[in-house]
Amino acid sequence: MEKYFDATYIMQSISMLLPFLKVTFMVASFSVLFGTIIGFILAAAKLGKSKIARNIANGYITILRCTPSIVLLFLVYYGIPAIGNNFGMDLNDIDKAVFVIVTFSLQFGALMCEVIRSAYESIDKGQFESAVSVGLSNAQAYRRIIFPQALVVALPNFGNSLLALLQEGALAYTIGLIDIVGKANLIIASNYNAHALEIFLALSIIYWILSIAIEQFFLKLERVLSKGKQSLKTM
């Protein structure tokens, strides 16, 4: 089949790919949710007084940092059913999205642990002591004083981690999940590799727009919350 570049096919490809963006968003949303929960638990372990908990958290983060995303994805994809079989459970029919969410939740949790820990440690501890001294409970001091300021510090790194997650999520098609990248590969295969360049350009445009929109959202949110942080400091 003759292969040639057709710029009009880029827009056609975008219209074919966009409906599958919801799968990408779904995977990213659940990964962020569960990953943030894991991150809070790990950060609490690292900031706590238990040496065992700190060592476990440090070991977890080191292992996740040293494991390539695609290797972790296949470990989860093949490992969970294998473990299930040892306990008499057939997990081979689980939706592939579950394996992807588990993989990137584990990975995002390691990232969020460091984001949360560094944000918390950046706040002057004297503010907490001052809040408690004027009658606030520990929970109120954290909720009204510490957390809002730590959130502002954490936002840029959280935004960067989210962008990295969206990009890493493109690996989901390697286990057969039909998200936006998986659909692009299906279209290319159905065209016998014709117009592959146009399809990947369309995919790139979608990711560019999405990344810029997320970046701008976090920049504006950071500016808004920074004003509140300044008012807290002057209290």
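Reader: Which residues form a nonpolar patch on the surface?
Author: Met 26, Phe 30, Leu 33, Phe 34, Ile 37 and Ile 41 form it, with about 540 Å² of accessible area together. Patch residues have over 30% relative accessible area and no salt bridge, and nonpolar side chains (Val, Leu, Ile, Met, Phe, Trp, Tyr) are joined within 5 Å, whereas like charges are joined within 9 Å. The areas come from the Shrake-Rupley method with a 1.4 Å probe, and for residues only the protein chains shown count as cover.

Reader: What should I know about the model itself and the numbering?
Author: This is a predicted model, in which local features need pLDDT of at least 70 and side-chain atom pairs count only at pLDDT 80 or more, while totals for chains, interfaces and linings use all residues. Residues are numbered from 1 along each chain as its sequence is written, and side-chain values use heavy atoms, leaving out hydrogens and water.

Reader: New topic. How many residues does the largest nonpolar core have?
Author: The core has 62 residues, and Leu 17, Val 100, Leu 165, Leu 177, Ile 180, Leu 203 and Ile 214 have the most contacts inside it. Its largest share, 12 residues, comes from helix H5, residues 96-121. Such a core is a set of buried Ala, Val, Leu, Ile, Met, Phe, Trp, Tyr and Cys residues joined through side-chain atoms within 4.5 Å.

Reader: What does Leu 177 contact?
Author: Apart from neighbours within four places in sequence, Leu 177 is in contact with Val 23, Val 27, Asp 95, Lys 96, Ala 97, Val 100, Ala 172 and Gly 182.

Reader: How many salt bridges does the structure hold?
Author: There are 3, a salt bridge being a side-chain nitrogen of Lys or Arg within 4 Å of a carboxyl oxygen of Asp or Glu. One of them joins Lys 46 and Glu 114 (2.9 Å, N to O). Lys 46 lies in helix H2 and Glu 114 in helix H5, so this pair ties together parts that are 68 residues apart in sequence.

Reader: Why would such side chains pair at all?
Author: Side chains of opposite charge can pair when their charged atoms come close.

Reader: What about Arg 117?
Author: The side chain of Arg 117 meets that of Glu 114 at 2.9 Å, N to O, and that of Glu 121 at 2.8 Å, N to O. Glu 121 and Arg 117 are separated by about one helical turn because they are 4 residues apart in helix H5. Through shared partners, salt bridges join Lys 46, Glu 114, Arg 117 and Glu 121 into one network.

Terms used:
Buried means under 20% relative accessible area, exposed over 50%, partly exposed in between (1.4 Å probe, protein chains only). Helices (H or I, at least four residues) and strands (E, at least two) are DSSP runs, numbered from the N terminus. Contact means heavy atoms within 4.5 Å.
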